[in-house]
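The sequence and structure come first, followed by the comments.

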Amino acid sequence: MQPHRKSKSIPALSFLVIAGTLLFTAACSGTSAPSASKLTLPTDSAGLGIYDSKFTPSGIENAAKWLGSSSSIKYAEDFVDATDWSNISAPWQLSSWKGSPFTMVWGVPMLPCGVSQTQCGTNISDFNEVAAGGADSYYKTLAQNLVSNGFASSYIRVGWEFNGTYMGWSICNQQGSGLTTWANDFVPAFRNIVTSMRSVKGANFKFVWNPLDSSNVSCAGVHLENFYPGDSYVDAVGLDVYDGINGSITDAARFSDLVNGVNAGHWTSVPPVAINGQKFEGYGLDWLAAFAKEHNKEITVPEWGLDSTGSNAGGGDDPYFVTQMANWIKANATGPAIFWNSGDGTLPLDIPKYTSGGTPAASAAFKAAFATGS
């Protein structure tokens, strides 16, 4: 079933320093990123996608017609049920999407939650099992089921939003004061999942490494680069970006903070490591573009959406955010850009015969940005 959108919070500045920040610098060792001068990725191949929590392509097809043509939306997104290993390895949603015109983007849990949703307390023994390779067979079976049902070329978001404080595989504790005790399981678990799924005949998956924009959430003292699994395990790099950053500021200032990865007041727990001499305030859209290009990976936005005014001081019906995000996506993204067209703190678009979120201005801006027909 659908994962809840959960309010994201920025921990207090007093938690800035944590002794564990140097524990994981070896996570990227053994891999070398290609230089920017050798990049061969296109800059205009991004595709629009939608997540709507409805587990069926029919609504997204209506959205494509609203935008003017069936080809205006390329991707659909869904999440694998995290209840137990059986549901992870054999997702019930596959029959709902089989034969749809969309390339799928799947959120794949790194361990069971005991419930269908992925916001849960970590079962440390299960995470240890995944990190040690004991769950490889489940992910191999998942890959076999995806391939046999026509999803061999799906994008796979392994352990998405791992820098949040609420996922079963989060590297940040619930207080946002530093690392969880199981954070060192993340990289080996990610690698094992990728290796297992790639081993299946016919598999042509693209694996996405996918933190949240650090303006939306920030984990004290932790460099996200230390949790990068390595170039040989990642095909695309993405950030989830939502129009709410716990600060009552203007639309323009809020989007600037999303670009820079900082919270209102220009604060984030820890700045990223400089890339080719370029420094960044936080893990925002500017950092994403530079990091992905440094590693010669696709640039994706696996989730972006409107936050209600009651959720993280969101912008509500904010056409400025939609227009600026569309411009950034068109200029930078080389992979899927998935609009979160669902509720629970976020606001869907107003699309006839599909969804209604009381967002007429943002919906008009979305249509103006992405319409493809006459």
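**Notes on helix packing and the core**

1. Helix 7 (residues 251–260) packs against helix 9 (residues 319–332) at an angle of about 35°, with the two axes 9 Å apart; here axes are lines fitted to C-alpha atoms, for helices over the stretch in contact, and angles run from 0 to 180 degrees between N-to-C directions. The crossing of helix 7 and helix 9 is right-handed, that is, the near helix is turned clockwise from the far one by less than a right angle. The contact (heavy atoms within 4.5 Å) is made by Asp251, Ala252, Phe255 and Leu258 of helix 7 together with Tyr320, Phe321, Gln324 and Met325 of helix 9.

2. This is a predicted model, in which local features need pLDDT of at least 70 and side-chain atom pairs count only at pLDDT 80 or more, while totals for chains, interfaces and linings use all residues. Residues are numbered from 1 along each chain as its sequence is written, and side-chain values use heavy atoms, with hydrogens and water left out.

3. The protein has 10 helices and 9 strands, taken as DSSP runs (H or I, at least four residues, for helices; E, at least two, for strands) and numbered from the N terminus. Of its 374 residues, 59% count as buried, where buried means under 20% relative accessible area, exposed over 50% and partly exposed in between, with a 1.4 Å probe and protein chains only. Among contacts with a separation of 6 or more, 77% come from residues 24 or more positions apart.

4. Helix 5 (residues 136–148) buries Tyr139, Leu142, Ala143 and Leu146. These four lie on the same side of helix 5 because they cover an arc of only 95° around the axis, the arc being that of the directions from the helix axis to the C-beta atoms. Their cover includes helix 2 (85–89), helix 4 (124–132), strand 4 (155–158) and helix 6 (186–198). Just after helix 5, Gly150 takes a positive phi of about 90°.

5. Which residues does Met197 touch, not counting those up to four places away in sequence? They are Tyr139, Leu142, Ala143, Leu146, Ile156, Ala203, Phe205 and Phe207. Met197 and Tyr139 are also among the residues that touch the most other members of the largest nonpolar core, which has 110 residues; such a core is a set of buried Ala, Val, Leu, Ile, Met, Phe, Trp, Tyr and Cys residues joined through side-chain atoms within 4.5 Å.
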